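Please open the model in your viewer and keep the sequence panel beside it, so that each selection below can be followed step by step.

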Amino acid sequence: MGGQTPAQERPRSDYPLRAPKPVGQMISNIYRDRINQFYSGGQYEHQTLRSMMNEAVVSGEPHVQLSVWHAPGQTRPTFKDAVSQVFNRVTVGEWFGPSWTTHWFKVVLKVPAELRDKRLLEFHWDSNSEGLVWNEHGHPLQGLTGGGERVEWILPDSFRDGKEHTIYIEMACNGMFGNGSGDSIQPPDPNRWFRLDKAEIVAVDPDARQLYIDIWIIGDAAREFPQDSWEQHKALKVCNEIIDTFELGNRESLKACRKLAEDYIGHHVNSAKVYDSGKEPLVFGIGHCHIDSCWLWPFAETKRKVARSWSSQCDLMDRYPEYNFACSQAQQYKWLKELYPSAFDRVKKKVAEGRFHPIGGSWVEHDTNMPSGESLVRQFLYGQRFFESNFGKRCQTFWLPDTFGYSSQLPQLCRLSGMTRFLTQKLSWNNINRFPHTTFNWVALDGSQVICHMPPSETYTAEAHFGDVKRSMSQHKSLDQDATSLLVFGKGDGGGGPTWQHLEKLRRCRGISDTVGLLPRVHMGNSVDDFFDRLERKAASFVTWYGELYFELHRGTYTTQSNNKRNNRRAEVTLRDLELLATIASIKDKSYTYPKKDLDAMWETVLLCQFHDCLPGSSIEMVYRDSDEMYAEVFKTAHRLFKDIMKVLGVAEVQSTTVADGIALNTLPWHRKEVVAISEHDAAVACGNGPLLKLRTLKTSGDEPLVSLDQVSKGVFVLANEQLKVKVEAGTITSLYDKLAERELIPKGHKANQYVIFDDKPLYWQAWDVEVYHLDTRKPLPSSETQVHEIKSHRVSVVTHTKISDASSIKTIISLSAALPGQQSYVEISSEVEWHETMKFLKVEFPVDIRNTEASYETQFGIVKRPTHYNTTWDMAKFEVCSHRFADLSEHGYGVSILNDSKYGFATAGNVMRLSLLRSPKAPDAHADMGTHHIRWAILPHRGALSHVTVRKAFEFNNPIKLLSAPAAALQQFTQPPVHLTEDSSPALVLDTVKRGEDDEDISTGELPAKPGRSVVLRIYDSLGGRARGTVATTWPVKRVWKVNLLEDELEEVVFRDGRFAVDLRPFEVASFKLELA
């Protein structure tokens, strides 16, 4: 049948023929801005999700009964003391204060019948200040932050019985960041008061609370995903569908809204199951609570912050099985153990479960710029021993996220302390150059390395936002090596740690990654060590960074709080001397007990004061009043211990003596020959190798004086000895001539020892920062006429007064002592500064006729070289650097070193060496550095390159010889050192530490198991950066020698024969040896 049209199958579709209505395109920015309005405060909060967060709220009596006891003054009473007091009725709305006071509340709760079957009951307390919830048996339960943050405490089911239940709340009159008025880093307001705004029983709607987190995170995806991605558009659509589905007052609509959210975040975000998808994660979350051991609050408040914060974290672990938490600082664990034993037991239980992770291996999160090498050793020694003795294991990862720069020797010291990993992030704050790596191998001066990871979220207090997870990939700078990273989250600095919101947000971030994608996949449930274990397997191929991790910010911390830094240097010298002498005494006389308990207490105090906001000078005034008292106790104990040791050695300290009757105490490990004053007018020569040196008559050569002082014109003087000739005019040195080298050191027309002052107004961080532009404000300070100060047979001096302002001045004494054969002479300067300035920076300059593109600075166990030019921004960024006892500028054949007794800030620009003396910031301590300061420095010329001459003179400048009296028998016993490096050893070797073994049975404090016998530990390092060989000789009855690590674990036996053993060190190697005594 031709011409017939075959039947066509119709498409199966409901697609209408005609358009029923116009449909417009979603205007993205309007619909996106709508999202935040749905769950935030403001004019619509009573019409949106916020209005349905709670099912019911009750407050006031009989359901919430409040009474209070006010602790007197600024005391912080114990629970036992507080609850024994009389409590008086109080109501919400009352004010409590002033700053730093404590108020204990007795809270009697009675849940009304209509709330007892509600799904989630909480007690909400908001005093706008920190607090701690205690049960009536005296156990800390959870911390409170105030101001709307961490104000809830979940009521136990036992409280649903209709009976009265009592808890206590310890209210501290300070916020999380102290009591700063307005700007948090401003000095604390001493009269700040806090209003109790809330004390109520709340029935929370779990659906509303969960929906709040749902739309917050999906909304972040709508805001932060690229607008050209389908993932962003879907997030926008889901959020608006949720808003449209929500019905005010209809709690069933909340469930419908959550069902819509599942389309974007998945079905498992309500539990830890969300992390069980088996898909490979890239971001590993770890909870953390950075608690500054002091900062904008005193040490005493930190002790309470620890209890508040860690109790809260243990509570979260009970509720979130995926949650792992890491926290450092052995000192804080010790505080918790001593002051809150039940909270410490709770922490120990979580540690045993593998949920709470002690980390870091150090006593505190310390500064690493200014502590001595031995102080860094003790940070690890005391930290690791505490963690091992209390938790059964040492730390593998050095954790230091917030310190202001990192010493070039840290990788070596970490490896010698059992740690192969290092975490920080502070270099992300650099304000000139961007540090180029996220994950890399960091290499020390001696070649030792550790794996370093800097979280690309660039914070150690992440809020666990969607953006934090996203930045963990977008800011990762080592993706070609390894794309994984740590996300360190939780409230910090002032403590607190993660909140339930953080954990809920991360669940949803993981849900988005598994359901939609595009967001880096975050995982919870692993430890920091698990993360580094993965990195370590591929670390051999990681890029390397050699030397210091210089922080391009906070350079003012090398100088701020001068007295605190002086105490640190003095305490380090004191402890070194004490340990050496106590070791000698304990071996000489078995009836004398090595004072390990006292030494431990002293070290722990010094290590605490090296915390990264204490020693750098960035804390409030209260902290430095505390540290002054702590150091005073250290020096008081030291005085007592020295007296005990002197009795054993048969000597006594004196202020003056004669050549015939006196001797000198030397605690340094090399031959010393120095002029020492033995009375007001007389001097002698102390000479020898041992701890006790004979005094010899200071002999003149013919008619020529050993040192002279001549006035060549009005106010112009020439000081001269056999080596140097110094011309002084108006307090400055216009000529420094080396007679033996026939060389002038001061360029023509220039002045050394020239005081200069700078305006010092950083962009924000006053106590912390000095900015590069301060150099443009340099002003030389003119001095008054120089006058004769003293003319003695062994020393001559001139004195000059310099006016800084109407309130500030300097008295400067420039001295030259008699030169001794074989000993390099130097010019010594001592100053007394009366300092009452505002935002000024005082320095002293030394232009020298030396040319080099690098200067050398003493650091821990070595030397670091830094540029003297500004070729690149990396070079220019080092316009202010840290130096220990000396800085040196040398060219081939000659150089000049600047020694100091208490300073750490330095700069060398071209041929101008500049020692930083004093700053005057007004925040966070309004009176920082105000008052009188005594500072010593010296100009040490030397022939040849930087050598052991400078190293030893710097030691000697900081370890003055002490005068003693003793019978002849005592002198004869100790004129030779009981342990020393022989004369044929490399002069670059320094025997820096002599101490008893930590766990010797006769001195053990029981922290770790005692070891049989007695031992002595020696620490030796190469100070100049070359292969250094030598021989250690001892007169002690040694039966065996071991090379050990810093924790005194035996590594290998060393050949010991005829009272000697050989030492062979790499450049800048630090080596420890244990001598087992017979």
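Are Trp104 and Trp134 buried or exposed? Trp104 is buried, and Trp134 is buried as well, where buried means under 20% relative accessible area, exposed means over 50%, and partly exposed lies in between (1.4 Å probe, protein chains only).

Before going further, note that this is a predicted model, in which local features need pLDDT of at least 70 and side-chain atom pairs count only at pLDDT 80 or more, while totals for chains, interfaces and linings use all residues. Residues are numbered from 1 along each chain as its sequence is written, and side-chain values use heavy atoms, with hydrogens and water left out.

**Stop 1: aromatic rings**

Rings of Phe, Tyr and Trp (its six-membered ring) pair if their centres lie within 6.5 Å, and planes under 30 degrees apart count as stacked, over 60 as edge-to-face and the rest as tilted. By this rule there are 49 aromatic pairs. Keep Trp104 and Trp134 selected: they form a tilted pair, 5.7 Å from centre to centre with 45° between the planes. This pair links distant parts of the chain, since Trp104 belongs to strand β5 (residues 102-109) and Trp134 to strand β7 (residues 131-135), 30 residues apart. Strands (E, at least two residues) and helices (H or I, at least four) are DSSP runs, numbered from the N terminus.

Select Phe1061 and Phe1073 next, which form a tilted aromatic pair with 5.2 Å between the centres and 50° between the planes. Here Phe1061 lies in strand β55 (residues 1060-1065) and Phe1073 in strand β56 (residues 1070-1077), 12 residues apart, and both Phe1061 and Phe1073 are buried.

**Stop 2: charges over rings**

A charge sits over a ring if NZ of Lys or CZ of Arg is within 6 Å of the ring centre and within 35 degrees of the ring normal. Show Arg885 together with Phe955, and you will find the charged end of Arg885 over the ring of Phe955, 3.9 Å from its centre. Then show Arg996, which lies over the face of Tyr594 at 5.9 Å from the ring centre.

**Stop 3: salt bridges**

The structure holds 85 salt bridges, each being a side-chain nitrogen of Lys or Arg within 4 Å of a carboxyl oxygen of Asp or Glu. Select Arg508 and Glu504, whose closest N and O atoms are 2.9 Å apart in a salt bridge. Because Arg508 and Glu504 stand 4 residues apart in helix α12 (residues 500-515), about one helical turn separates them. Arg508 counts as buried because its relative accessibility is 0%, and Glu504 is buried with a relative accessible area of 4%.

What does a salt bridge with partly exposed partners look like? Arg50 forms a salt bridge with Glu45, the closest N and O atoms being 3.8 Å apart; Arg50 counts as partly exposed at 37% relative accessibility, and Glu45 is partly exposed at 27%. Finally, highlight the network of salt bridges that links Arg385, Lys596, Asp600, Lys995, Glu998, Asp999, Glu1007 and Glu1048.

**Stop 4: the sheets**

Two strands pair if DSSP finds at least two bridges between them. Select the open sheet of 9 strands, with antiparallel pairing and the order β35-β36-β37-β38-β47-β44-β43-β40-β41. Strands β35 (787-791) and β41 (862-867) stand at its edges, each with a single partner strand, so one side of each is left without a neighbour in the sheet. Neighbouring strands of this sheet are turned by 20° against each other on average, direction ignored, with axes taken as lines fitted to C-alpha atoms, for helices over the stretch in contact, and angles running from 0 to 180 degrees between N-to-C directions.

Within this sheet, zoom in on strand β36 (residues 795-803) and strand β37 (residues 809-817), an antiparallel pair with 9 bridges. A hairpin of 5 residues joins β36 to β37, and Val798 stands opposite Ile814 in β37. On moving to strand β38 (residues 827-835), you will see that β37 pairs with β38 in the antiparallel sense over 8 bridges, and that Thr812 has Ser831 in β38 as its bridge partner.

**Stop 5: an annotated stretch**

Select residues 552-631, where an unreviewed UniProt entry places the feature "domain: Glycoside hydrolase family 38 central"; UniProt positions follow the numbering used here, feature names are shortened, and annotations may be inferred rather than shown by experiment. Over residues 552-631 the chain is 65% helix and 0% strand, and the end C-alpha atoms are 30 Å apart.
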